Amino acid sequence: MASLLVTGGAGFIGSNFVAHWARENPGDRLTVLDLLTYAGNRANLEGLNAELVVGDIRDEALAFGLVESRGIDTIVHFAAESHVDRSITGPDAFIETNIIGTHTLLKVAKRLWVDTGKPHRFHHVSTDEVYGTLGPDDPAFTETTAYAPNSPYSASKAASDHLVRAYHHTYGLNTTTSNCSNNYGPFHFPEKLIPLFIINALHGRALPIYGDGLAVRDWLHVEDHCRGISAVITRGRAGETYNIGGGEELPNLTVVDTLCAAVDRAFAGNPDLARRFPDAPAASGQPTSVLKTFVADRPGHDRRYAIDCAKAVAELGYQPRHSFESGFAATLRWYLDNEGWWRAILDGSYRAWMDANYGNRGTSTQ
Ligand code: NAD
Ligand code: TYD
């Protein structure tokens, strides 16, 4: 039986991972350490067999006590500030959590595991954004692509990746790192492209497309990502990094057009949606695409990300199972079936946190 500490386990990917791991390894013990920032949500862990400890990964005494008292042998490190736009308007929190927080956990792991000879694994969840941006004809990112982060977010993740690497090489900490592409799926916080646009479409609000809408992302269903992380934890080699992608490179405009068409089809097939969301264009027979609005580009916007995950395929047997088409259809159904989840965010903690921290400068979901 393993005992896992999942940092950031009340966020989007972390909570999906807790659900995935608990399903696959029912005998294991799961402890979540999460500060419950605006992005963390107790509701994401409802019904899951995991203990939630509310606290900061920068709190060394707390992390030390948890790893010691819960007999933790595996840390799966998701906790981070994760939204590029926020890193542009307020980078400090990214430096604190993503760099200092990661280093705090590494120090704890070294003291309790390396210094005592206890078998362990420290898995660090990172991003393809550390590799920078690609031209249209460049080959996809591999694990040996040079780091060239362009946003405060990706720079802070790159720094944390380097610290993880250094703790392996210098101290012999048993680490693995995964660098994944853009995730989507259930429990995705409604500030990121896909959930924001679904909810805006249901309310008849503009869909703000940055620049020309031709930036390209490689879309990965969160369940595929969780399977990839599990494979790295169980079969990945110490000190190695693994890219995890969805194999679905799409320009943003294609994603938005897919989303608009799927919302139109959902309304056409279910008259109750027009009653629930009367402000949606689709409620009055108009195409959702009327909401598409081109706005100023994100400063430093990376043009293209693409992941080459051949190493994870060859070494770990990883394969994404979801096409974007089927994964997106399931995701839209989830948001339609779980209105209570996102409405509570819009009505409560999210709005309060935004007001306190960003005034009216953040992405609007109102
Ligand atoms: P998220 O923003 O949904 O969740 C982050 C979680 O971390 C939240 O629950 C938050 O409360 C918690 N947290 C933040 N600061 C903390 C602190 N100081 N101490 C303890 N907990 C804290 O993020 P996500 O999308 O689930 O991303 C998870 C990880 O995956 C991150 O490391 C991110 O960089 C990486 N990643 C995400 C994507 C993506 O598409 N979402 C892509 C690549 C990599
Ligand atoms: P996002 O979900 O923020 O992920 P990331 O920046 O980490 O890739 O954005 C995905 C893409 O969608 C990115 O190219 C920026 C673009 N985008 C918009 O065009 N409008 C929006 O309102 C948002 C949030 C993103």
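The crossing of helices α4 and α5 is right-handed, where right-handed means that the near helix is turned clockwise from the far one by less than a right angle, and left-handed that it is turned anticlockwise. This is a predicted model, in which local features need pLDDT of at least 70, side-chain atom pairs count only at pLDDT 80 or more, and totals for chains, interfaces and linings use all residues. Residues are numbered from 1 along each chain as its sequence is written, chains are lettered from A and ligands numbered from 1 in the order in which they are written, and side-chain values use heavy atoms, without hydrogens and water. Helices (H or I, at least four residues) and strands (E, at least two) are DSSP runs, numbered from the N terminus.

**Helix pair α4 and α5**

- The axes of α4 and α5 (residues 152-171) come within 8 Å and cross at roughly 15°. Axes are lines fitted to C-alpha atoms, for helices over the stretch in contact, and angles run from 0 to 180 degrees between N-to-C directions.
- That makes α4 roughly parallel to α5. Angles under 35 degrees count as roughly parallel, over 145 as roughly antiparallel, 65 to 115 as roughly perpendicular and the rest as oblique.
- From α4, the residues F94, I95, N98, I99, T102, H103, L106, K107, K110 and V114 take part in the contact. Their counterparts in α5 are Y153, S156, K157, A159, S160, L163, V164, Y167 and Y171. Contact means heavy atoms within 4.5 Å.
- By class, the residues of the contact of α4 with α5 are 11 nonpolar, five polar and three charged. Ala, Val, Leu, Ile, Met, Phe, Trp, Tyr, Cys and Pro count as nonpolar, Asp, Glu, Lys and Arg as charged, and the others, Gly among them, as polar.

**Helix pair α1 and α7**

- Helix α1 (residues 12-24) packs on helix α7 (residues 222-235) at an angle of about 65°, with the axes 9 Å apart.
- α1 and α7 are therefore roughly perpendicular to each other.
- α1 passes α7 in a right-handed crossing.
- On the α1 side, F12, I13, N16, F17, H20 and W21 make the contact. They meet V222, H225, C226, R227, I229, S230, I233 and T234 in α7.
- The residues of this contact of α1 with α7 comprise eight nonpolar, five polar and one charged.

**Seven-stranded sheet**

- Seven strands form an open sheet with parallel pairing, in the order β3-β2-β1-β4-β5-β6-β10. Two strands pair if DSSP finds at least two bridges between them.
- β3 and β10 (240-244) stand at the edges with a single partner strand each, so one side of each is left without a neighbour in the sheet.
- The twist averages 20° from one strand to the next.
- Four bridges join β2 and β3 in the parallel sense. D34 stands opposite V54 in β3.
- α1 lies across β1 (3-7), β2 and β4 (74-77), and runs at about 165° to β1.
- Helix α2 (residues 60-69) lies across β1, β2, β3 and β4, and runs at about 175° to β2.

**Three-stranded sheet**

- Three strands form an open sheet in the order β7-β9-β11, with mixed pairing.
- β7 (182-184) and β11 (249-251) are the edge strands, and each pairs on one side only.
- Neighbouring strands of this sheet are turned by 50° against each other on average, direction ignored.
- β9 (residues 216-221) pairs with β11 in the antiparallel sense over three bridges. R217 stands opposite L250 in β11.

**Positive phi in loops**

- Most residues other than glycine have a negative phi.
- L36 is not a glycine, yet has a positive phi of about 50°. L36 lies in the loop between β2 (29-34) and β3 (51-54).
- L36 is partly exposed, with a relative accessible area of 25%. Buried means under 20% relative accessible area, exposed over 50%, and partly exposed in between (1.4 Å probe, protein chains only).
- F187 also has a positive phi, near 70°. F187 lies in the loop between β7 and α6 (193-203), and is partly exposed at a relative accessible area of 21%.

**Two single residues**

- A109 sits in helix α4 (residues 92-114). A109 is buried, with a relative accessible area of 0%.
- Beyond its neighbours within four places in sequence, A109 is in contact with I75, V114, F122 and L173. The C-alpha atoms of A109 and F122 are separated by 7.7 Å, at 13 residues apart along the chain.
- P119 is in the loop between α4 and β5 (121-127). P119 is exposed, with a relative accessible area of 67%.
- P119 and R275 are 57 Å apart in space, C-alpha to C-alpha, and 156 residues apart in sequence.
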